[in-house]
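Subject: Handover of a structure

Dear colleague,

Please find the sequence and the structure below. The findings follow directly after them.

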Amino acid sequence: MNASNQLKRLLKERDALAGKLSGYRHILRGTIIRRGNICGKAVCRCKRKHSPFLHGPYNYLSHRSRKSINMIFLNKKKLPYAAKGVKEYNEVMDALYRISEINFEILRYHYERLS
């Protein structure tokens with residue numbers, strides 16, 4: 001493949017990836033985790049010193065902002081929305097990394113052909 005065709009292919013792929021980015025609306029940076037809880041009852045089995053039996057496990061969204069780490073309990077209604085948002089975030093990050101790789105390759109090998 002000659003350099004001109006390769007540049008056209010790279011630009012076409014980059015434009016397609018950039019076009020897809022506008023379709024993401026539910027982007028959510030975080031991780032869905034499952035964990036057990038300890039309740040507030042003084043004599044519950046979840047408070048045993050040896051082999052405690054925690055309540056759950058329950059789903060949570062763990063989100064780290066610039067200031068703190070926050071956890072949101074995910075009930076049955078919230079879980080699909082959170083899962084979609086985390087999936088979209090990962091897809092967007094994959095696309096951004098690929099766009100960056102394409103731009104790097106264009107800058108390295110094809111900068112003279114750019115107009």
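Helices (H or I, at least four residues) and strands (E, at least two) are DSSP runs, numbered from the N terminus. The structure is a predicted model, in which local features need pLDDT of at least 70 and side-chain atom pairs count only at pLDDT 80 or more, while totals for chains, interfaces and linings use all residues. Residues are numbered from 1 along each chain as its sequence is written, and side-chain values use heavy atoms, with hydrogens and water left out.

I begin with the end of helix 2. His110 is located in the segment after helix 2. With a relative accessible area of 1%, His110 is buried (buried means under 20% relative accessible area, exposed over 50%, and partly exposed in between, with a 1.4 Å probe and protein chains only). Not counting residues up to four places away in sequence, His110 touches Ala3, Gln6, Leu7, Leu10 and Glu105 (contact means heavy atoms within 4.5 Å).

The helix pair comes next. Helix 1 and helix 2 (residues 78–109) pack with their axes 10 Å apart and at an angle of about 155°; axes are lines fitted to C-alpha atoms, for helices over the stretch in contact, and angles run from 0 to 180 degrees between N-to-C directions. The two helices are therefore roughly antiparallel to each other, given that angles over 145 degrees count as roughly antiparallel, under 35 as roughly parallel, 65 to 115 as roughly perpendicular and the rest as oblique. Helix 1 passes helix 2 in a left-handed crossing (left-handed if the near helix is turned anticlockwise from the far one by less than a right angle, right-handed if clockwise). On the side of helix 1, the contact is made by Gln6, Leu7, Leu10, Leu11, Glu13, Arg14, Leu17, Ala18 and Leu21. Helix 2 contributes Val92, Ala95, Leu96, Arg98, Ile99, Ile102, Asn103, Glu105 and Ile106. By class, this contact has twelve nonpolar, two polar and four charged residues; Ala, Val, Leu, Ile, Met, Phe, Trp, Tyr, Cys and Pro count as nonpolar, Asp, Glu, Lys and Arg as charged, and the others, Gly among them, as polar.

Arg14 lies in helix 1 (residues 3–21) and is partly exposed, with a relative accessible area of 25%. Leaving aside neighbours within four places in sequence, Arg14 is in contact with Ile99, Ile102, Asn103 and Ile106. Arg14 and Ser100 are 86 residues apart in sequence, and their C-alpha atoms are 8.9 Å apart in space.

The buried residues of helix 2 are Ala82, Gly85, Val86, Glu88, Val92, Ala95, Ile99, Ile102 and Ile106. What covers them includes helix 1, strand 1 (31–37) and strand 2 (55–64).

His26 is found in the loop between helix 1 and strand 1 and is partly exposed, its relative accessible area being 26%. Apart from residues up to four places away in sequence, His26 touches Tyr81, Lys84, Gly85 and Glu88.

Two backbone features remain. The peptide bond from Gly56 to Pro57 is cis, with omega near 10°, and Pro57 is found in strand 2. Ser51, in the loop between strand 1 and strand 2, has phi near 55°, a positive value in a residue other than glycine. Ser51 is exposed, with a relative accessible area of 59%.

Yours sincerely
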